[in-house]
Amino acid sequence: MTGAPADATLARDDTAAVIIGRNEGARLIACLASVAGRARRLVYVDSGSTDGSVAAARAAGAEVVELDMSVPFTAARARNAGVAALGAAPALAYVQFVDGDCEVTAGWIAAAQRFLDSHPEVAAVTGQIRERHPEATFWNRLIVEEWKGEPGPVKACGGNAMMRLAAFRAAGGFDPGIIAGEEPELCVRLRMAGWKIWRLADEMVLHDVAMTRFGQWWQRCRRAGYTYAEGVAMHGRPPERLHVARLRRTLLWGLALPLAALAGLAVTPWAALLLAAWPLQIARLAARGMWPPAAAFLMLAKFAELHGAATWAWRRLRRGPARLLEYK
């Protein structure tokens with residue numbers, strides 16, 4: 001059962017867990033409870049919480065790292081700080097990264113350990129994500145489509161994953177200057193070093209996205225577009241071509257087709273037929289099994305992603321500091 005009481009007999013000496021969070025409240029308490037007793041060491045990295053998260057983590061038996069918030073915060077920086085707190089720790093082989101709004105499913109850590117034990121070529125293993133309250137809001141329901149993923153070898157994992165500690169450290173950890181999408185970027189470096197990334201069929205975490213407004217959804221999609229642009233700038237060249245296809249789709253649907261339709265209308269009214277591309281694509285996605293509203297919002301998201309990509313380009317042009325694009 002998820003969130004079962006801690007049982008020290010379940011914990012292996014070679015596994016630690018690093019949880020990051022800020023003002024997650026009851027979600028953090030559930031997260032801590034789901035990991036306690038299943039990892040020998042538990043580190044919680046806090047980024048300026050004001051809701052008692054630090055006290056809750058200490059009460060749960062976690063080692064607490066409070067980040068210096070005078071330095072720009074990123075999730076990458078927080079996870080690196082958690083690993084640094086583990087010290088040399090030669091007995092540790094694996095680290096389970098967990099976001100504070102997630103609850104680790106009972107059995108996941110053991111399943112991930114077994115897989116890494118038997119697959120020495122794999123540096124990171126992830127699993128299936130289930131949205132805790134998909135029925136709570138329309139925006140939560142949209143996220144369900146995001147979490148779908150087939151098991152097997154993959155190019156990247158997300159923020160919830162178990163990693164081989166030696167591989168993580170040899171790769172230099174997460175890039176602390178990346179405001180989002182730091183996991184795919186690290187996975188590029190891991191795969192360049194000869195490692196593999198794997199997704200299991202096992203359920204890994206219950207996630208609580210807690211989105212209630214259109215603005216939150218837009219900001220989340222905007223952050224994705226920012227990630228695509230930054231990923232292409234860092235690793236867009238062959239053979240990796242990180243996020244190249246995603247950014248190309250964003251530019252096609254969010255910029256090129258609208259501009260072509262507007263420019264064409266100045267010449268012929270038949271150019272309005274270009275606007276049929278959006279409903280046709282929505283119908284195509286729905287025919288392939290996607291929830292129709294999710295298909296519609298997937299296409300609308302291209303404009304939010306374009307906003308994010310433009311934000312990245314503007315900051316790059318001005319050489320301005322990267323700032324978080326938070327949605328909650």
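Me: How many cavities of 30 Å³ or more does the structure hold?
Reply: This is a predicted model, in which local features need pLDDT of at least 70 and side-chain atom pairs count only at pLDDT 80 or more, whereas totals for chains, interfaces and linings use all residues. Residues are numbered from 1 along each chain as its sequence is written, and side-chain values use heavy atoms, without hydrogens and water. A cavity is a set of points, on a 1 Å grid over the protein atoms alone, where a 1.4 Å probe fits but cannot get out. The number of cavities of 30 Å³ or more is one.

Me: What volume does the largest cavity have?
Reply: Grid points are joined across faces, edges and corners, and the volume is the space filled by probe spheres set on the points. For the largest cavity this comes to about 50 Å³.

Me: Which helix supplies the largest share of the lining of the largest cavity?
Reply: Lining residues have an atom within 4 Å of a cavity point, and here they include Thr227, Glu230, Gly231 and Met234. Helices are DSSP runs of H or I with at least four residues, strands are runs of E with at least two, and both are numbered from the N terminus. Four residues of the lining, its largest share, come from the run 214–235, which is helix 8.

Me: Why do the buried residues of helix 1 lie on the same side?
Reply: Leu28, Cys31, Leu32, Ser34 and Val35 of helix 1 (residues 26–35) are buried, that is, under 20% relative accessible area with a 1.4 Å probe and protein chains only. An α-helix has 3.6 residues a turn, so residues three or four places apart point the same way.

Me: Which exposed residues does the face of helix 1 turned away from its buried side carry?
Reply: Exposed means over 50% relative accessible area, with partly exposed lying between that and buried. On the face of helix 1 turned away from the buried side, the exposed residues are Ala26 and Ile29.

Me: Is Asp101 buried or exposed?
Reply: Asp101 is found in the loop between strand 4 (94–99) and strand 5 (102–104). Leaving aside neighbours within four places in sequence, Asp101 is in contact (heavy atoms within 4.5 Å) with residues including Glu24, Arg27, His207 and Lys328. Because its relative accessible area is 10%, Asp101 is buried.

Terms used
On a 1 Å grid over the protein atoms alone, a cavity is a set of points where a 1.4 Å probe fits but cannot get out, and a pocket is an open set with protein on both sides within 12 Å along at least five of seven lines; lining residues have an atom within 4 Å of a point.
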